[in-house]
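The following note sets out points for a colleague who is reviewing this entry. Please read the numbered paragraphs alongside the structure shown here.

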Amino acid sequence: MKLTLFFIQIIFLFHNSIFPQKLDTELYELSKRIVRNSLLDMKGYEWLRELCEIGPRLTGSENSYRAIHWAKRKMEEAGFDTVWLQPVMVPNWKRGDLEEATIVKSKKYKGRKLNITAFGGSVGTDEKGINGEIISVKDFNELKSKGELVKGKIVFFNRQLDFGEVEPFSGYGKAVDQRSRGAIEAAKFGAVGVIVRSITTKHDNVPHTGVMYYVDSLPKIPSVAVGYQDADFLMKAIEEEPDLMVNIKLSCQTFDDTLSYNVIGEIRGREFPDEVIVVGGHFDSWDKGCGAHDDGAGCVQSMEVLDLFKRMNYQPKRTIRCVLFIDEEQRQTGAIEYAKFASQSEQKHIAAIESDRGAFTPRGFYVDTDSATLNYLQSFLPYLNLAKIDWIRKGGSGVDVSKIKNTKALFGYVPDSQRYMDVHHSENDIFEMVHPREFQLGSAAMAILCLLISELGI
Ligand SMILES: [Zn+2]
């Protein structure tokens with residue numbers, strides 16, 4: 001008896017893989033229409049062009065407010081059922097006009113400039129800047145082994161993204177501590193500043209910014225990224241002249257936190273309006289380029305998911321809500337605020353999808369869920385294949401949606417990743433780097449996933 005029960009349980013658990021669900025012809029046709037409309041209309045792509053024309057959207061900047069009101073207006077014009085701004089206090093770091101690194105002591109290279117940019121959150125310098133000899137290290141262990149030698153110097157963290165990793169995100173993950181914690185670790189040994197080799201897959205000379213942190217117990221020292229080619233140059237120059245000295249001048253500053261907003265719009269469900277599927281990206285960007293891939297694209301794709309339903313005149317069974325989270329890049333205050341709202345809401349968040357890996361050709365979805373739900377979700381693949389989605393695997397969703405508690409599943413949209421780190425957090429991240437068809441297939445992939453969760457449940 002017990003054994004029979006056990007087998008019934010096993011069959012139930014693997015039901016969907018043993019007896020794949022029959023394709024629902026109506027949903028399959030709708031999915032096909034989603035792909036076709038997305039590719040033909042290019043509405044999201046044109047929205048992204050408008051958004052990029054506003055400029056970059058650093059949290060607390062004038063542009064960020066212009067963009068917030070632009071998105072609200074677009075959602076209203078598209079006829080979403082409800083559109084609102086959710087207030088939230090955000091960090092307010094400003095770059096300022098001055099950022100310069102110059103070799104000031106060297107027989108051969110005196111006066112040569114390095115192509116640098118401050119990391120977000122870095123302190124500035126006074127007008128004279130800071131001077132220091134360069135001490136090059138690959139990681140925090142090497143830094144520690146240099147000990148006393150670090151005092152009064154500028155630490156040059158010279159470890160590149162691991163190019164041997166097939167996934168650039170993994171290579172990035174292995175290098176990013178230099179940027180985020182480099183100033184803390186260097187300050188422990190009395191360094192006066194930090195220069196970090198840009199974490200990029202492109203061997204150009206464009207510096208890549210990103211967030212960095214301090215702790216109150218240590219001196220706050222300036223921290224900058226240097227272009228890949230100038231990192232190579234600096235490496236060679238200090239081999240030739242170990243006492244070479246660099247001056248860094250920065251006028252960036254951190255101001256008090258300021259008021260900003262998440263932009264939210266939804267289409268109410270026809271049968272279960274209190275069951276919510278969130279689709280979103282982060283609306284802030286760094287102030288280099290215009291945050292086209294990171295994450296203007298993810299935001300506009302999320303807006304377009306709802307717009308595709310509108311265009312097809314299809315009211316989903318469950319509520320689909322687009323959330324453009326402010327301040328992902330620095331402290332995730334927007335995501336925290338939304339998650340708080342979600343946990344207090346009478347509505348139930350059944351799933352959330354984030355697009356924050358660029359707008360390249362669709363590949364798959366990572367999903368944070370239990371094994372039975374993952375099995376069930378695999379049955380969506382024949383529909384998602386229409387938009388070039390090949391797989392659904394267990395994995396991390398996204399920084400913003402992962403804060404929402406008690407959903408059945410959290411998804412991260414995964415496009416091809418090989419070119420993402422070329423543009424990430426740099427002036428390379430402009431509208432022209434986004435391919436219209438790759439972008440539109442992403443909108444379609446997320447719209448099909450929303451359709452299936454909405455109509456079939458999860
Ligand atoms: Zn991002």
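1. An open sheet is built from eight strands in the order β1-β10-β12-β11-β13-β16-β14-β15, with mixed pairing. Strands here are DSSP runs of E with at least two residues, helices are runs of H or I with at least four, and both are numbered from the N terminus; two strands pair if DSSP finds at least two bridges between them. Because β1 (82-94) and β15 (391-394) each have a single partner strand, one side of each is left without a neighbour in the sheet. From one strand to the next the twist averages 25 degrees.

2. The model is predicted: local features need pLDDT of at least 70, side-chain atom pairs count only at pLDDT 80 or more, and totals for chains, interfaces and linings use all residues. Residues are numbered from 1 along each chain as its sequence is written.

3. Within the sheet of point 1, β11 (residues 272-282) and β13 (residues 348-354) pair in the parallel sense over six bridges. Val 279 stands opposite Ile 353 in β13. Helix α12 (residues 371-378) packs on the sheet and touches β14 (362-368), β15 and β16 (409-415). The direction of α12 makes about 175 degrees with that of β15 (axes are lines fitted to C-alpha atoms, for helices over the stretch in contact, and angles run from 0 to 180 degrees between N-to-C directions).

4. Ile 353 is also among the residues with the most contacts inside the largest nonpolar core, which has 86 residues. Such a core is a set of buried Ala, Val, Leu, Ile, Met, Phe, Trp, Tyr and Cys residues joined through C-beta atoms within 7 Å; buried requires 20 or more other C-beta atoms within 10 Å of the residue's own, with C-beta atoms placed from the backbone. Helix α15 (residues 436-456) supplies the largest share of this core, 12 residues.

5. A further open sheet has eight strands in the order β3-β2-β9-β5-β6-β7-β8-β4, again with mixed pairing. Its edge strands are β3 (113-114) and β4 (116-118), each pairing on one side only. Strands β2 (residues 99-105) and β9 (residues 245-250) pair in the antiparallel sense over six bridges, and Thr 102 stands opposite Asn 247 in β9.

6. On confidence, the protein chain averages a pLDDT of 96, and 95% of the residues score at least 70 (pLDDT is the predictor's confidence in each residue, from 0 to 100).

Definitions and conventions: Buried ≥ 20, exposed ≤ 12 C-beta atoms within 10 Å, placed from the backbone. Contact = placed C-beta atoms within 7 Å.
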